[in-house]
Amino acid sequence: MTVSLVGAGPGDPGLITVRGLELVRRCDALVYDRLVAEELVAEAPEGAMRVCRETLSQAEISELLVRLGRRGLDVVRLKGGDPFVFGRGGEEALALAAAGVPFQVVPGVSSLAAVPAAAGIPVTHRGLSSQVTVVSGHDPDALAPAELARTPGTLVVFMGLGTLGALVDGLLRHGKPPATPAAVVSRGTTASQTVVRAPLAEIAAAAESLEQPALVVIGEVVALAERLAGALPQTVDAVRAAV
Ligand SMILES: C[S@@+](CC[C@H](N)C(=O)[O-])C[C@H]1O[C@@H](n2cnc3c(N)ncnc32)[C@H](O)[C@@H]1O
């Protein structure tokens with residue numbers, strides 16, 4: 001195996017998988033996303049090549065993986081959360097497959113459920129939500145607010161902080177109750193996690209000062225955080241301190 005597309009988890013370095021960490025610890029080259037915990041980057045062998053993808057385009061990243069893979073190096077492409085959940089891991093896998101470079105995918109803990117959980121929000125809950133709809137808020141015009149407004153269960157929005165106002169307006173316009181519980185979790189699972197909860201009609205204003213990365217959760221399950229969040233330590237560091 002030469003190239004491994006590895007999920008780093010949602011932020012807390014302790015949330016990478018055992019297999020993912022093993023691969024990082026013995027790689028020749030580590031190509032990592034900006035949001036990956038620096039503790040994980042530090043786990044690569046001292047002599048390993050380290051490339052942060054920040055300044056590279058997606059095409060350049062895929063090319064680099066193909067080039068390093070063809071040299072027979074053990075390459076780890078370390079990506080935030082899970083490589084195949086809004087992570088462009090599919091594009092990188094397709095490029096490697098087309099080039100005939102052997103690769104594997106090592107799943108990661110996606111922020112999809114882990115970030116709400118860290119804020120005391122179970123994305124499903126018997127009697128409250130048996131369905132989760134996951135969307136990207138990157139381009140709110142590409143979403144179908146009428147459909148989303150009448151879809152029951154929990155709505156999870158990735159990359160939706162900057163466009164939250166437009167998304168909320170669309171949902172309200174199409175009949176979603178303004179009092180629907182909503183939350184935005186910024187930097188979830190990390191020591192700087194911040195959570196804002198408010199009724200849907202007020203969430204965009206309430207979350208204005210939050211920082212990226214942030215995940216939006218809309219639905220009745222958010223109300224459970226009132227009872228659960230208080231029982232959870234506020235940050236992952238606090239969890240460690242409490243153990
Ligand atoms: C490009 S997507 C990558 C998602 C990743 N592949 C996953 O499975 O979690 C980046 C978006 O994921 C969400 N996200 C990732 N990590 C997060 C975190 N620690 N806290 C809140 N949101 C996060 C945010 O919506 C962010 O804009």
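Two strands are said to pair if DSSP finds at least two bridges between them, and the strands themselves (E, at least two residues), like the helices (H or I, at least four residues), are DSSP runs numbered from the N terminus. What you have open is a predicted model, in which local features need pLDDT of at least 70 and side-chain atom pairs count only at pLDDT 80 or more, while totals for chains, interfaces and linings use all residues. Residues are numbered from 1 along each chain as its sequence is written, and side-chain values use heavy atoms, with hydrogens and water left out.

**First stop: the parallel sheet**

Begin with strand 2 and strand 4, which pair in the parallel sense over 4 bridges; if you pick Ala29, its bridge partner in strand 4 is Val75. Now widen the selection to the open sheet of 5 strands, which has the order 3-2-4-1-5 and parallel pairing. Its edge strands are strand 3 (49-52) and strand 5 (103-106), each of which pairs on one side only. The twist averages 15° from one strand to the next, where axes are lines fitted to C-alpha atoms (for helices over the stretch in contact) and angles run from 0 to 180 degrees between N-to-C directions.

**Second stop: a network of charged side chains**

Which residues are linked in a network of salt bridges? Select Asp33, Arg77, Lys79 and Glu92, and show their side chains; a salt bridge here is a side-chain nitrogen of Lys or Arg within 4 Å of a carboxyl oxygen of Asp or Glu. Arg77 meets Asp33 at 2.9 Å, N to O, and this pair joins strand 4 (residues 75-79) to the loop between strand 2 (29-32) and helix 2 (38-41), the two residues being 44 apart in the chain. Arg77 also meets Glu92, at 3.1 Å, which connects strand 4 with helix 4 (residues 89-99). Glu92 in turn forms a salt bridge with Lys79, at 3.0 Å.

Arg77 counts as buried because its relative accessibility is 0%, buried meaning under 20% relative accessible area, exposed over 50% and partly exposed in between (1.4 Å probe, protein chains only). Glu92 counts as buried because its value is 1%, and Lys79 is buried too, as is Asp33.

Move on to an open sheet of 5 strands with the order 6-7-10-8-9 and mixed pairing, in which strand 6 (132-136) and strand 9 (194-199) are the edges. Strand 8 (residues 181-186) and strand 9 pair in the antiparallel sense over 6 bridges, and Ser186 stands opposite Thr194 in strand 9.

**Last stop: two helices on that sheet**

Select helix 5 (residues 111-118), which lies across strand 6, strand 7 (154-158), strand 8 and strand 10 (214-218), running at about 80° to strand 10. Its buried residues are Ser111, Ala114, Val115 and Pro116, and they pack against strand 7, strand 8 and strand 10.

Terms used:
Contact means heavy atoms within 4.5 Å.
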